[in-house]
Amino acid sequence: MRTRLSILTWPEPKGGPHRAICHYCDTVHVADPIAEGSRANCVLCGATLFQNRPASLVRVTSFSLTALLLMIVVHTAPFVDMDAAGLRTELTLPGAARALIDEGTPLVGLGVALFTIITPLILAGGLVYVCAPLIFGRLAPGAMFVTRWMSRSEPWNMIEVFLLGVLVSLLKLGKVADLHFGIGFWAFAGLMVCMAAAVAAIDKRELWDRLEVAKGQ
Amino acid sequence: MSKVNGKEVPRGLELGLAGCHVCEKVSPVAEVHCPRCGTHLHMRKPDSITRTLALLIAAAVMYVPANLLPILTSRELGISTESTIIAGMVEFWNTGAYPIALVIFTASILIPLLKIVALLWLCAAAKGLVPHSAKLLGKVYWVTELLGRWSMVDIFVVAILVAMVQLGNYMVITPGSGALAFAGVVMLTMFAAMSFDPKLLWDQLEREEEMSTAQPLPESE
């Protein structure tokens, strides 16, 4: 039975009736299973209650695994090289956070490290750790604890905002210096896409339903 | 009870049911902790309006130094220039980089200000101080939560400039004290948005409907 779980779409936990409460208006719904690729909306206010994403576990795992691999590139390869006044400086992701810490604003530097390095790592690493075993219907040790921390850290993942910051700064520097895009920049752009795709690939409700079912095995 | 197409739909408050904030399982609020993930269950976010207002006041106070203090200092050939967020934006505008000037204006000035105003409005509406459409304000809340993070872009720009522009005697950029205040504003408004409970808007709407449909007291003889 265990191997067949991965093929099954969105298993229903034991017990019931399963309900869903709208986060916006508090309306109680009976949460019947919905077809893959469709979403359930609140009857009163229209907000999304939950969505059934196709091939959710496989997608989350592959996107977050790719994100983890890209993180290695992002942290080792320079984003941008700048030639100005006969000097060459390069930007790396940890370099941006460290510069603020070294130059007298350690709190802001820690914030930047939290939003661009630590939170994405918790999210991508956590998703691989939790979702890869779930493909085989297994529960990783502490999976529920990890999932709780993932939902707590999700709003603080600011990868895409940092990319906008890179573009704005480059436009600012482009007038006074010679800039060359490095591998790190393209890896970072890919990382942004993979993180967004990984987070969007599974509904929170589905992930917890799967965890509950795997726990009961 | 709310009505949809004449049919009554139950609300969690009436049934004593609460949706878990972490795992979304619906359980009786009397169980205190979510049976699935162990998170504390509550009908409404605790002290929602008080907490939101406190965080908003803090954010509004911080907004002043965030805009008045320099966000970065650049020392070019021995001459120091301090620039605030607004000065940085004006510089982009004057050099003809209108799209970037607009991005900075939106992310750094408009969004934090609109967030503070929007959340104040939501709190007032939830208290019944202003007439409101709960459906529309629910959308306002959704947008407020969605956009909040983008204000952090200016902090990242400062981090990148400080990391890259270290050219010895020629030009050096260092972060200013405004950066801490500005990061504070963004984080405080994010926490304020998280502590507001949009269900309160519908609770208030329901109270108003009850008041208007209540039967007038029979006249005493």
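Q: How do helix α2 of chain A and α3(A) pack, and at what angle?
A: This is a predicted model, so keep that in mind. In it, helix α2 (residues 93-102) of chain A packs on α3(A) at about 160 degrees, and their axes are 6 Å apart.

Q: Roughly parallel or roughly antiparallel, then?
A: Angles over 145 degrees count as roughly antiparallel, so α2(A) is roughly antiparallel to α3(A). As for handedness, α2(A) passes α3(A) in a left-handed crossing.

Q: Which residues meet there?
A: On the α2(A) side you have A:Leu93, A:Pro94, A:Ala96, A:Ala97, A:Arg98, A:Leu100 and A:Ile101. The residues they meet in α3(A) include A:Val108, A:Leu110, A:Val112, A:Ala113 and A:Ile117.

Q: And by class, how many are nonpolar, polar and charged?
A: The contact of α2(A) with α3(A) has twelve nonpolar residues, two polar and one charged.

Q: OK, what about α3(A) and α6(A), how do their axes cross?
A: Helix α3 (residues 106-135) of chain A and helix α6 (residues 183-200) of chain A have axes that come within 11 Å and cross at roughly 55 degrees. α3(A) and α6(A) are therefore oblique to each other, and their crossing is left-handed.

Q: What does α3(A) use to meet α6(A)?
A: A:Pro120, A:Leu123, A:Ala124 and A:Leu127 come from α3(A), and they meet A:Met195, A:Ala198 and A:Val199 in α6(A). By class, that contact has seven nonpolar residues, no polar and no charged.

Q: Zooming out, how many helices and strands does chain A have?
A: Chain A has seven helices and seven strands. Going along the sequence, the pattern is β-β-β-β-α-β-β-α-α-α-α-β-α-α. Taken along the principal axes, the C-alpha atoms of chain A fill a box of roughly 70 × 40 × 30 Å.

Q: Switching to chain B. What's its secondary structure count?
A: Eight helices and eight strands for chain B. Its C-alpha trace spans about 90 × 45 × 30 Å along the principal axes.

Q: What's the radius of gyration of chain B?
A: Chain B has 24 Å, whereas a compact globule of 221 residues would be near 17 Å.

Q: Which domains does the assignment give for chain B?
A: Domain 1 covers 1-43 and domain 2 covers 47-198 in the domain assignment of chain B. The centres of those two domains of chain B, taken over C-alpha atoms, are separated by 35 Å.

Q: Back to helices. How do α2 and α7 of chain B cross?
A: Helix α2 (residues 48-68) of chain B and helix α7 (residues 178-195) of chain B cross at roughly 160 degrees, and their axes come within 8 Å. α2(B) and α7(B) are therefore roughly antiparallel to each other. Their crossing is left-handed.

Q: Which residues make that contact?
A: From α2(B), they include B:Leu55, B:Leu56, B:Ala59, B:Met62 and B:Tyr63. From α7(B), B:Phe182, B:Val185, B:Leu188 and B:Phe191 are among them. By class, the contact of α2(B) with α7(B) has 14 nonpolar residues, six polar and one charged.

Q: Last topic, the two chains together. How many residues does each give to the contact?
A: Chain A gives 50 residues and chain B gives 50 residues.

Q: Which element gives the most on the chain B side?
A: Helix α6 (residues 153-164) of chain B, with ten residues.

Q: And what classes of residue does that side have?
A: The side of chain B that touches chain A has 36 nonpolar, seven polar and seven charged residues.

Key. Residues numbered from 1 in each chain as written. Chains lettered and ligands numbered in written order. Predicted model: local features only at pLDDT ≥ 70, side-chain atom pairs only at ≥ 80, totals over all residues. Contact = placed C-beta atoms within 7 Å. Helix = DSSP H or I, 4+ residues; strand = E, 2+ residues; numbered from the N terminus. Nonpolar A, V, L, I, M, F, W, Y, C, P; charged D, E, K, R; others polar. Axes fitted to C-alpha atoms, helices over the stretch in contact; angles between N-to-C directions. Parallel < 35°, antiparallel > 145°, perpendicular 65-115°, else oblique. Left-handed = near helix turned anticlockwise from the far one by under 90°. Domains from an automatic or database assignment. Rg over C-alpha atoms; globule rule 2.2 N^0.38 Å.
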